[in-house]
Amino acid sequence: MDHQKLRESISETWATDVLPSLSGLIEIPAVSPAYDAAWEEHGQLRAAVEHVRSWVAARGLPGARCEVLRLDGRAPLLLVDVPATPGAEATGTVLLYGHLDKQPPLGDWSEGLGPWQAVLRGDRLYGRGAADDGYSGYAATTALEAVREAGGEHARAVLLLETGEESGSPDLPAYLERIAGRLGEVSLVVCLDGGGGDYERLWLTTSLRGAVQATVTVRVLETGVHSGLGSGIVPSSFRIMRQLLDRVEDPETGEVKVPEMVAPIPDERRAEVAELVALHPEVAVPPLPLLPGMRRASDDAVELVLNNTWRPTLSVTGAGGLPDPSVAGAVLRAWTSLRLSFRLPPSVDAEVARAALEKILTTDVPYGAQVEVGDFMILNGWHAPAPAPWLTAALREVGDRVFGKPCQSLGIGGGIPFMEMLGRRYPRAQFVVTGALGADSNAHVPDEWLHVPFAVQVTEAVAHLLDAHARDGGPA
């Protein structure tokens with residue numbers, strides 16, 4: 001393969017074709033179904049899928065078929081099937097994954113920026129979905145094109161872009177069941193919904209945490225009453241909620257006390273974390289915007305990384321029944337709701353954890369208060385298999401040729417439901433979970449941005465892996 005031609009092809013495609021279309025995708029408010037109950041009526045997810053489908057179809061990849069799948073009541077999915085180059089037909093199927101749904105705007109963006117406004121400033125493309133994960137389909141398609149133009153090879157490639165990832169991918173199992181017979185033997189999975197700590201090397205995700213989210217409501221009264229009349233007679237719903245929270249989390253240490261949410265940390269992951277901290281201390285623990293005087297949970301960087309990747313944690317992400325302080329009257333409120341978000345170790349069964357949580361919160365409730373636990377969202381984590389020799393060699397070449405620095409492995413505190421689903425379905429496949437997200441890309445919060453030169457390099461890295469897989473990495 002002509003490596004110089006490969007690089008030139010990718011750079012030119014990004015500059016002339018990808019950026020204009022990706023900018024158009026940013027302008028579509030394709031909020032994930034969990035955050036837009038009327039998503040079907042609004043039609044923005046369909047618009048996003050059609051926008052990318054049209055772009056891919058116009059590229060002219062030989063034999064490529066673009067198909068939009070729509071199951072009743074489920075968010076649409078874009079499937080692009082690209083035949084193998086001659087001679088690479090026997091190397092199985094490469095599955096390239098990304099998603100087109102987005103987080104909601106969430107807060108005030110900086111002056112001149114907006115969630116549905118594509119703004120290119122220097123190397124940064126701002127807008128919701130730019131980095132998470134709108135660029136992925138463009139990168140995968142561009143990599144396939146460039147491999148062919150540079151005289152390389154690639155196996156049959158299937159690009160799968162879903163529209164429910166930010167909602168926990170609830171519809172993906174149904175789609176996978178529908179298309180399983182069409183995928184053949186998947187021997188390589190490339191997920192472009194990841195990233196790392198800087199823009200200087202390819203970051204490889206080796207583990208992802210699972211999650212259990214639930215809304216817990218404590219009710220003590222049919223209606224609120226004057227606090228002077230009721231306090232001291234009726235226990236506060238908030239106090240009962242505090243007691244329930246203490247059952248599942250140590251209020252002093254933050255340790256999650258639900259046994260079903262805890263798992264042993266593999267020795268190889270401990271070693272990986274120690275290496276990451278030693279080689280890239282500035283990356284291992286991201287520079288989060290702590291307030292002056294605020295301390296981290298530990299002074300030990302290794303423990304902080306393990307906390308974030310292999311230990312369960314609880315975040316309270318929402319509340320109900322609580323008026324704004326400026327209008328809060330002297331009322332003993334009838335109820336309190338909290339949205340609980342547990343991050344789980346990669347090897348924990350999320351359904352088992354969910355059932356345990358519900359039992360703990362609804363058994364022997366203080367004072368006989370009514371407790372409701374519902375609106376669950378669960379996803380399992382994922383633990384990467386050991387890389388095959390061909391993949392190890394290919395990643396070494398990517399580090400040398402594309403970045404001039406070795407690839408770096410790390411665990412991620414977030415989750416990608418698709419990886420666990422595929423890991424169960426294709427246990428012999430190799431996995432490359434990577435991407436253009438950086439620690440400061442602002443995914444999920446205001447001012448999300450994509451580092452364009454890094455995304456171009458990630459695209460080149462994917463092209464190298466496609467060629468190496470076609471030549472050396474067929475089914476085991």
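Modeller: Glu420 lies in helix α13, which covers residues 417–425; helices here are DSSP runs of H or I with at least four residues, strands are runs of E with at least two, and both are numbered from the N terminus. At a relative accessibility of 14%, Glu420 counts as buried, where buried means under 20% relative accessible area, exposed over 50% and partly exposed in between, with a 1.4 Å probe and protein chains only. Leaving out residues up to four places away in sequence, Glu420 touches Asn380, Gly381 and Trp382, contact meaning heavy atoms within 4.5 Å.

All of this is read from a predicted model, in which local features need pLDDT of at least 70 and side-chain atom pairs count only at pLDDT 80 or more, while totals for chains, interfaces and linings use all residues. Residues are numbered from 1 along each chain as its sequence is written, and side-chain values use heavy atoms, with hydrogens and water left out.

Apart from residues up to four places away in sequence, Asp440 touches Arg124, Tyr199 and Trp449, whereas its C-alpha atom is separated by 27 Å from that of Ile265, 175 residues away along the chain.

Turning to the annotated region, UniProt, in an unreviewed entry, places the feature "domain: Peptidase M20 dimerisation" at residues 207–364; the positions follow the numbering used here, feature names are shortened, and annotations may be inferred rather than shown by experiment. Over residues 207–364 the chain is 35% helix and 22% strand, with the end C-alpha atoms 36 Å apart.

Two helix pairs can be described in turn. Helix α7 (residues 237–248) packs on helix α11 (residues 350–362) at an angle of about 140 degrees, with the axes 9 Å apart; axes are lines fitted to C-alpha atoms, for helices over the stretch in contact, and angles run from 0 to 180 degrees between N-to-C directions. That angle makes α7 oblique to α11, given that angles under 35 degrees count as roughly parallel, over 145 as roughly antiparallel, 65 to 115 as roughly perpendicular and the rest as oblique. The contact is made by Leu244, Arg247 and Val248 of α7 together with Leu357, Ile360 and Leu361 of α11.

In the other pair, helix α8 (residues 267–279) and helix α10 (residues 301–309) have axes that come within 9 Å and cross at roughly 125 degrees, and α8 and α10 are therefore oblique to each other. Arg270, Val273, Ala274 and Val277 of α8 meet Ala301, Val302, Val305 and Leu306 of α10.

Some backbone details remain. A cis peptide bond, with omega about 10 degrees, joins Asp132 and Asp133, and Asp133 lies in helix α4 (residues 130–149). Ser169, a residue other than glycine, has a positive phi near 55 degrees; Ser169 is found in the loop between β6 (156–162) and α5 (172–183) and, at 1% relative accessibility, counts as buried. Asp364, also not a glycine, has a positive phi near 50 degrees and lies in the loop between α11 and β14 (370–379), where Asp364 is exposed, with a relative accessible area of 65%.
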